[in-house]
There are 2 protein chains.
Amino acid sequence: MQTTMMDVPLSLNHLLERAGQLFKRGEIVSRLPDKSLKRHSYGDFYRRTRSLASAFQRKQLQKGERVATLCWNHHAHLEAYFGIPAAGGVMHTLNLRLSPDEIGWIAADASDRFLIVDDVLLPLYEKFKHLHAFEEVFVVPFSGAPVPAGYTDYEALLASGDPDGFRYAPHDEHDPVAMCYTSGTTGRPKGVAYSHRSTVLHTLVASLADFWCLRGRDVVLPVTPMFHANSWGMPYGAVMMGAKLVFPGPHLHPDDLLDLMQQEPPTLALGVPTIWLSLIQTYEASLKPDSPNHGRWKLPQGMRSLVGGAAVPESLIRAFDRHGVWILQGWGMTETSPLATVSYTKSELVGASDDERYRRAAMAGVPAPLVDLRTRGDDGQDQPWDGTSVGEVQVRGPFITGGYFNVGSPEDKFTADGWLRTGDVASVDELGFVRISDRTKDLIKSGGEWISSVDLENALMAHPAVAEAAVIAIPDAKWGERPLACVAFKPGESAETEALNALLTDKGFAKWQLPERYETIDAVPRTSTGKFYKLKLREQFPQ
Amino acid sequence: MQTTMMDVPLSLNHLLERAGQLFKRGEIVSRLPDKSLKRHSYGDFYRRTRSLASAFQRKQLQKGERVATLCWNHHAHLEAYFGIPAAGGVMHTLNLRLSPDEIGWIAADASDRFLIVDDVLLPLYEKFKHLHAFEEVFVVPFSGAPVPAGYTDYEALLASGDPDGFRYAPHDEHDPVAMCYTSGTTGRPKGVAYSHRSTVLHTLVASLADFWCLRGRDVVLPVTPMFHANSWGMPYGAVMMGAKLVFPGPHLHPDDLLDLMQQEPPTLALGVPTIWLSLIQTYEASLKPDSPNHGRWKLPQGMRSLVGGAAVPESLIRAFDRHGVWILQGWGMTETSPLATVSYTKSELVGASDDERYRRAAMAGVPAPLVDLRTRGDDGQDQPWDGTSVGEVQVRGPFITGGYFNVGSPEDKFTADGWLRTGDVASVDELGFVRISDRTKDLIKSGGEWISSVDLENALMAHPAVAEAAVIAIPDAKWGERPLACVAFKPGESAETEALNALLTDKGFAKWQLPERYETIDAVPRTSTGKFYKLKLREQFPQ
């Protein structure tokens with residue numbers, strides 16, 4: 001027998017139409033380069049987005065053609081999120097933190113036909129434009145200044161469209177809507193192409209009550225860049241539920257974010273650990289009576305926060321919790337849309353001790369619905385979920401990539417049975433909490449035993465004088481490899497090796513697991529998306 | 001270009017495997033006929049369900065074949081929800097409140113191959129078994145008594161399966177998993193067949209924070225029968241998130257439900273207005289010092305409640321709110337999986353007055369994501385969303401049926417462009433709140449103007465002496481039709497016509513909208529699923 005259910009495709013266009021019908025009065029606030037706030041209603045967003053889609057259709061944008069964006073987080077970027085797919089195109093977010101050469105290489109690899117770029121980012125565009133010829137470049141007049149000659153004003157593009165006469169491009173749910181390149185620390189970046197289907201499914205799953213708990217009455221502050229795994233998919237979720245959006249624009253300094261939180265208090269804010277770490281340090285410093293910022297800020301009451309993109313140290317979670325902000329950690333990658341696991345309060349943890357809650361919150365968390373997850377040992381066997389056995393995390397599901405644009409499905413990234421090899425090494429405990437212990441290539445093998453660099457880093461970052469710490473392997477004649485700890489201290493602070501080793505010993509590290517030596521650094525080098533860039537440290541400290 | 005996303009089907013089997021991995025310690029409590037509680041863990045559920053699936057495979061159950069259930073809400077019914085589809089079959093819930101002839105007709109129409117039946121329901125089975133020959137009947141030893149000769153013990157069926165060696169039947173996401181017949185008050189019941197895809201999508205949407213807000217740490221009491229639109233899909237949601245389930249079994253008397261709420265306090269309870277109405281009346285009566293039940297019950301603190309399946313009077317919402325229980329109304333039907341709209345606190349209503357909140361809460365609510373909704377006038381035109389223009393509600397989406405089993409897509413149920421005609425008449429306001437004013441066939445046309453029977457009923461039910469009220473049309477020589485109000489008073493109470501008319505006038509009804517006359521009845525006749533059965537009243541009061 002057959003199902004009697006309608007065969008209606010999952011579609012971003014449905015979410016856009018829905019927002020236009022139901023959430024006309026919803027707000028979208030964008031912080032401009034001069035730090036003033038620009039306000040749009042969802043009604044504006046709906047009409048502008050349909051104008052954009054109509055304008056691209058009039059430019060003969062063909063189904064599946066890529067339109068690149070090089071933008072900060074703001075209303076026009078959101079319009080691109082929905083308007084480009086509505087026209088049948090694929091929105092391709094360019095990562096403005098990459099080197100110009102990399103950006104140009106990526107735009108050429110993706111054969112991007114058009115570009116939408118912020119006026120304040122034109123200097124960056126000028127540096128890579130020789131690497132790829134866009135047919136036309138649309139400039140968002142983000143700063144308010146006139147758009148320079150030779151470019152098309154984004155507002156003029158919108159004005160050339162017809163929001164009322166617009167008709168969505170025919171599509172099925174497997175058609176691509178967005179593309180994002182991985183920030184791989186090794187090898188060339190590779191393109192992941194999300195579909196209507198994968199995006200709608202990811203949005204539904206991530207929005208669930210145990211994860212984002214996204215409601216229409218939420219006020220969402222996405223600090224995570226919209227070019228970084230689509231700001232973890234939050235813009236789609238906000239539009240689905242009609243939540244108010246507060247976009248920080250280019251101002252991601254802790255002072256600026258804290259100021260913005262006073263002006264438009266969020267109920268839900270998301271960002272990477274690096275920024276959250278400086279945010280809480282700045283905030284706590286402001287509480288001291290002699291601080292020049294004393295009394296300037298108050299963290300919004302009842303705010304929730306999502307942090308991910310890199311391991312979240314327990315000390316960071318404890319620091320925010322002291323001020324009433326609970327941090328929900330998610331784990332994933334560009335390849336997983338990105339939310340694959342979330343560390344939420346499972347029913348078994350209701351009533352658990354604070355220490356236990358923090359310990360779990362500092363883990364990657366539990367696989368989300370629709371995500372199959374396994375850990376595979378070197379022998380190719382699934383590891384038991386016992387909290388100690390480690391293996392490579394492999395995942396599978398309808399919002400996980402099965403290959404890369406122009407590349408296919410290389411064997412080092414996909415298993416023979418079609419699972420994504422994440423390159424992360426983890427254990428899973430009996431409650432299903434995944435605990436990432438390392439990247440496959442960052443593990444330290446000392447005397448035949450593995451040492452987790454991430455565990456050492458998290459423990460060191462709990463020291464009050466340590467701003468951040470990264471641990472890498474150095475070659476050792478006797479033991480094969482030994483850990484080297486690179487430590488950045490907070491301004492004006494420091495700690496002796498003995499004190500740091502004593503802390504690690506207190507936390508249960510064995511003598512042979514302690515760092516072979518410590519190096520003081522200014523800051524941990526990072527990739528464009530805020531992950532520790534250990535390759536740079538290994539170059540700096542080859543032994 | 002193509003998406004790079006994996007093509008992984010949506011599947012109930014994924015939810016089952018997930019629960020077996022992540023929620024082993026979760027609880028499933030079932031109330032037995034003797035009112036004792038039986039407890040299973042999710043770990044038990046997982047193994048028993050795989051045993052059931054394996055046993056059906058060994059019985060050579062073929063893909064798409066129907067296995068009927070005739071059961072109360074309990075653990076074994078949940079096992080059937082997942083185990084039958086896992087074996088490739090379709091779970092077909094028989095509605096035990098129908099007449100034996102109707103049940104037999106439905107089982108024959110569906111060509112059900114097997115039956116799972118509660119031992120306490122065998123007397124009902126005996127009454128319709130001559131109408132359809134099941135190949136084998138499996139009896140759940142729900143009461144604990146030995147299973148009578150001639151039947152197979154459900155536990156023996158499970159014991160014949162192999163939970164470890166079991167392999168899921170190959171399937172794609174469009175394969176059916178469950179079938180439910182409509183309770184249509186006119187015409188023969190018709191079968192709706194849900195798919196893996198529709199069920200997973202409905203589960204994700206309904207579970208969102210603005211709707212069920214379903215969390216793993218919830219304790220869910222589904223009073224809504226599992227044979228009534230799959231208990232609104234809640235069993236699937238609970239398994240997806242790992243929520244504790246408390247099944248009431250056959251005891252749905254208010255005293256029994258209140259007792260159960262003391263033993264296993266739910267955080268989320270769902271039921272139809274009829275039962276909720278008697279629940280709150282029983283509860284409030286018990287608060288009187290001279291009540292024999294004084295001090296016996298306390299409504300669980302912080303409990304949320306979902307009520308639907310029929311219009312929810314504002315007075316019911318106010319009554320529960322007096323005791324700290326907020327009622328979330330949903331609207332839908334067997335054909336819509338069933339959740340199509342939900343009346344939640346939209347951002348525009350944050351800070352609204354109590355009266356405004358109650359007024360909105362008494363509406364059907366806002367269309368859920370993935371549901372397209374329009375109201376069509378008699379002229380075939382979409383009605384404006386102005387809060388006054390009424391039309392037939394028509395819906396479309398991936399968890400809405402496009403036809404009926406064995407019947408196809410008749411013109412009176414589906415539009416030429418493929419939308420479901422719900423037969424409900426409604427207006428939609430500028431915030432997107434749908435307000436059902438009537439069934440198409442229950443509207444009263446008086447002097448060329450429509451009068452809403454539902455509006456009159458809800459207003460009358462706000463009178464302290466009125467237990468329930470139903471309004472029907474009677475023929476009138478001058479006006480065409482006039483409203484007749486059939487009123488059931490609370491025990492020992494009554495009200496004069498003048499008082500009732502004064503109440504209606506207070507609520508803003510015009511003189512010509514007042515009932516032509518009142519009739520006192522014992523109770524409003526109901527369909528098997530608790531809806532007002534006005535056909536019976538029209539037979540009783542032809543003029």
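Helices (H or I, at least four residues) and strands (E, at least two) are DSSP runs, numbered from the N terminus. The structure is a predicted model: local features need pLDDT of at least 70, side-chain atom pairs count only at pLDDT 80 or more, and totals for chains, interfaces and linings use all residues. Residues are numbered from 1 along each chain as its sequence is written, chains are lettered from A and ligands numbered from 1 in the order in which they are written, and side-chain values use heavy atoms, with hydrogens and water left out.

Two kinds of backbone exception were examined. Most residues other than glycine have a negative phi, and most peptide bonds are trans. In chain B, Pro338(B) sits in the loop between β14 (326-332) and β15 (339-343). The peptide bond from Ser337(B) to Pro338(B) is cis, with omega near 5°. Chain A also has a cis bond, between Ser337(A) and Pro338(A), with omega about 5°. Pro338(A) lies in the loop between β14 (326-332) and β15 (339-343) of chain A. Ser111(A) is not a glycine, yet its phi is positive, about 50°. Ser111(A) belongs to the loop between α4 (100-109) and β5 (114-118) of chain A.

The chains were then compared.

Helix packing was examined in chain B. The axes of α9 (residues 254-263) and α10 (residues 273-286) of chain B come within 9 Å and cross at roughly 75°. Axes are lines fitted to C-alpha atoms, for helices over the stretch in contact, and angles run from 0 to 180 degrees between N-to-C directions. Angles of 65 to 115 degrees count as roughly perpendicular, and α9(B) and α10(B) are therefore roughly perpendicular to each other. Contact (heavy atoms within 4.5 Å) involves Pro254(B), Asp255(B), Leu257(B), Leu258(B) and Met261(B) of α9(B). On α10(B), Ile275(B), Ser278(B), Leu279(B), Thr282(B) and Tyr283(B) take part. These residues divide into seven nonpolar, two polar and one charged. Ala, Val, Leu, Ile, Met, Phe, Trp, Tyr, Cys and Pro count as nonpolar, Asp, Glu, Lys and Arg as charged, and the others, Gly among them, as polar.

How values were computed:
Angles under 35 degrees count as roughly parallel, over 145 as roughly antiparallel, 65 to 115 as roughly perpendicular and the rest as oblique.
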